Amino acid sequence: MRYLPTVFIGNITTISNGFTSAITKKLVDGNIQLTSIGLIGDEQAEKAFHGGPDRVLCHYPQEHYLYWSEQFPELADFCNAPAFGENISTVGMTEENVFIGDIYQWGNTFIQVTQPRSPCYKLNTVTDVSNFSQIMQDSGYCGWLYRVIGTGETGSHHPLVLVSRNSDVSVKEAISIAFHMPFDEELYRRLLSAAGLSASWSKTMQLRLQNQTIESFDRRLFKKA
């Protein structure tokens, strides 16, 4: 399958509540260079939850915005890409049919799915919904992240083409295991076995196995200690 993306980049700015973020992005037409740390001109502010070699690009399905506009009619004008700070938006790719470890050719670059997006507290600010990050996490409509395994030139006129499937763990299942299911050692080992899983998520699953508990999501979702 081939999926034509819409592409966005953004700079770090100060948003309401004094937070810095690069969630506000602009459309890119034409060719753009993709390096090992991201699209030229794109930045990430919150490195604890975004950025780094395993989280270079964020992808969010365009079709999910209809769901959000139905859930929050007051956000209907807001609910269009790239409202959630994604670099890539498509129609046809969702958490159900995208898998951890999938490798896509994009122009003359190659990118690999590494983990679901972990919604963070800045979504609460940009939507003006105090628990939006929690609602997104609970919905499973989180999107996903990529590492870059082949740099070069790409752009919105280059389709994303799946060239290698390396695990049988979908992004949807990874979200369920990490965010929705009760403690389950077998499921954590299943997720750990998914080729291409990010170092961050691998560490989280390993710590769950060692500590025999699920970590608190509060700092990420609400900026609580």
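**Notes on the sheet and its salt bridges**

1. The strands S1-S14-S10-S11-S12-S8-S9-S2-S5, in that order, make up an open sheet of 9 strands with mixed pairing. Two strands count as paired if DSSP finds at least two bridges between them; strands (E, at least two residues) and helices (H or I, at least four) are DSSP runs, numbered from the N terminus. Strand S1 (2-3) and strand S5 (26-27) are at the edges with a single partner strand each, so one side of each has no neighbour in the sheet.

2. A word on the source: this is a predicted model, where local features need pLDDT of at least 70, side-chain atom pairs count only at pLDDT 80 or more, and totals for chains, interfaces and linings use all residues. Residues are numbered from 1 along each chain as its sequence is written, and side-chain values use heavy atoms, leaving out hydrogens and water.

3. S5 pairs with strand S2 (residues 6-9) in the antiparallel sense, over 2 bridges. Look for Phe8 opposite Leu27 in S5.

4. There are 8 salt bridges, taking a side-chain nitrogen of Lys or Arg within 4 Å of a carboxyl oxygen of Asp or Glu. One of them joins Arg147 and Asp54 at 2.9 Å, N to O. Arg147 sits in strand S12 (residues 144-150) and Asp54 in the loop between strand S7 (38-39) and strand S8 (57-61), 93 residues apart. Arg147 is buried at 16% relative accessible area (buried is under 20%, exposed over 50%, partly exposed in between; 1.4 Å probe, protein chains only).

5. Glu173 in helix H4 and Arg190 in helix H5 are 17 residues apart in sequence, with their closest N and O atoms 2.7 Å apart in a salt bridge. Shared partners join Asp168, Glu173 and Arg190 into one network.
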